[in-house]
Amino acid sequence: MARKPSVQLAKWLLLVWLATNALCSASRRYNGVVCNATERQALLKFKLALKFNFVIYGPVFSWEGDDCCSWLGVGCDSETGHVIKLDLRGAFNDVSGSGKMDPSLLELKHLSHLDLSSNNFGDKLIPQFFGSFMKLRYLNLSYTSFAGTIPHQLGNISSLHYLDLKQFDGDSFLKVDNLQWLSHLSSLEYLDMGSVNLSMAADWLQPINMIPSLSVLRLSSCGLRNFPTLPHLNFTSLTILDLSSNAITSKSLDWLSNLPNLESLDLSHNRFPMSIYLRTRYMVRFRLH
C-alpha cells in the first residue's frame with residue numbers, strides 16, 4: 001500500500017515528460033519547418049492557375065493542408081520555414097495550348113532551386129518574370145517545349161550556378177538573338193543549351209568567355225558554324241565541353257590547348273577538316289594535357 005503514491009507520482013511524471021516533449025517537438029516544428037503563410041498562399045494560387053490552364057498530376061495535385069513544407073516537391077529552410085526549393089519536373093501538361101505561368105511564384109522571395117523540366121508548356125515563351133527570382137542558384141527548364149526568344153531577363157539572376165535550357169533534339173523552337181545576357185551570370189558553373197538555335201548569335205563565344213567559373217558547357221545541335229576569335233581565353237575552369245552536332249568549320253583548334261582543366265570533349269558531327277577532326281562519338285574522355 002505504501003508504494004501507491006510513488007506509482008502515482010511516477011505516472012504523473014511520465015505524463016508531464018510526454019506533454020513537455022510533445023510541446024518541445026511542436027515548438028521545434030513550428031519554429032523551423034512550417035512554411036510562411038504568404039508563400040503557402042502563393043503556392044495555392046499557382047496550383048489554382050495550373051488547374052485552369054494545364055492538366056496537372058504528380059506533386060502539385062497533392063498540395064493540401066496547412067504545412068506546405070510537407071508538400072511533395074516543396075523544400076523549406078529548416079530554420080526559417082521559407083520555401084527555398086520547388087521540384088516540379090513532369091508535373092503538368094498544356095494540352096489545350098492556352099496554358100501560362102502565373103507570376104504568383106514571385107512571392108517565394110527565398111527560392112534558390114527551381115526545376116520545371118519535362119513539363120509541356122505548349123510552345124509558349126519563357127516568362128520574363130523568371131528573371132526576377134534573384135536568389136536562384138539552380139534553374140532547370142530542360143525538355144519543356146518552350147519556344148521563341150530566350151528572354152534577356154535571365155541575365156538578371158546573377159546568383160545562378162546551374163542553368164539547363166536543353167530542348168528535344170530536332171523539335172525545338174527556342175532561340176536567342178544574342179548571348180550578351182549570359183555575361184552577367186558571373187557565378188555560373190553549368191550551362192546546357194542543347195538544341196537551342198544559336199545561329200543568330202555570331203559572337204556566341206565572347207559572352208561565355210566572360211564566365212570564369214564555368215565548368216560544364218553543353219551546346220550540342222545549336223546551329224553553330226564558327227569559332228569567334230578571342231584575344232584572351234578566360235573560362236579556363238572548363239572541364240566538360242560538348243559542341244557536337246553543329247556545323248563548325250574552324251581550321252584551327254589551338255585554343256583548346258589553353259583549357260588546362262578540360263577532361264571531356266565532344267566535337268563529333270561537325271565539319272572540321274580531316275586533319276584536325278577530333279571525333280569523340282560517345283563522349284569518351286579526351287585528355288589535352
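A disulfide is taken here as a pair of cysteine sulfur atoms within 2.5 Å. The views below come from a predicted model, in which local features need pLDDT of at least 70 and side-chain atom pairs count only at pLDDT 80 or more, while totals for chains, interfaces and linings use all residues. Residues are numbered from 1 along each chain as its sequence is written, and side-chain values use heavy atoms, with hydrogens and water left out.

**View 1. The disulfide of Cys69 and Cys76.** The two sulfur atoms are 2.1 Å apart. The link of Cys69 and Cys76 is left-handed, with -95° about the S-S bond. Cys69 counts as buried because its relative accessibility is 15% (buried, under 20% relative accessible area; exposed, over 50%; partly exposed, in between; 1.4 Å probe, protein chains only). Cys76 also counts as buried, at 19% relative accessibility.

**View 2. The disulfide of Cys35 and Cys68.** Here the S to S distance is 2.0 Å. Cys35 lies in the loop between α1 (4–32) and α2 (37–53), and Cys68 in the loop between β1 (55–56) and β2 (74–76), so the pair ties together parts that are 33 residues apart in sequence. Helices (H or I, at least four residues) and strands (E, at least two) are DSSP runs, numbered from the N terminus. Cys35 and Cys68 are both buried. By the sulfur distance rule the count comes to 2 disulfides, and with bonded cysteines counted along the chain their pattern is 1-2, 3-4.

**View 3. Surroundings of the Asn270 side chain.** Asn270 is found in the segment after β13 (264–266). This residue is buried, with a relative accessible area of 12%. Its side chain reaches the backbone nitrogen of Ile248 at 3.1 Å. A polar atom of the Asn270 side chain also lies 3.0 Å from the backbone oxygen of Leu267. A polar contact is a pair of N or O atoms within 3.5 Å; within protein, one must be able to donate a hydrogen and the other to accept it, and residues adjacent in sequence count only if both atoms are side-chain atoms.

**View 4. A nonpolar surface patch made by Val55, Tyr57 and Val95.** The patch covers about 260 Å². Tyr57 is placed in the loop between β1 and β2 and counts as partly exposed because its relative accessibility is 36%. Patches are made of residues with over 30% relative accessible area and no salt bridge; like charges are joined within 9 Å, and nonpolar side chains (Val, Leu, Ile, Met, Phe, Trp, Tyr) within 5 Å. A salt bridge is a side-chain nitrogen of Lys or Arg within 4 Å of a carboxyl oxygen of Asp or Glu. Accessible areas come from the Shrake-Rupley method with a 1.4 Å probe; for residues, only the protein chains shown count as cover.
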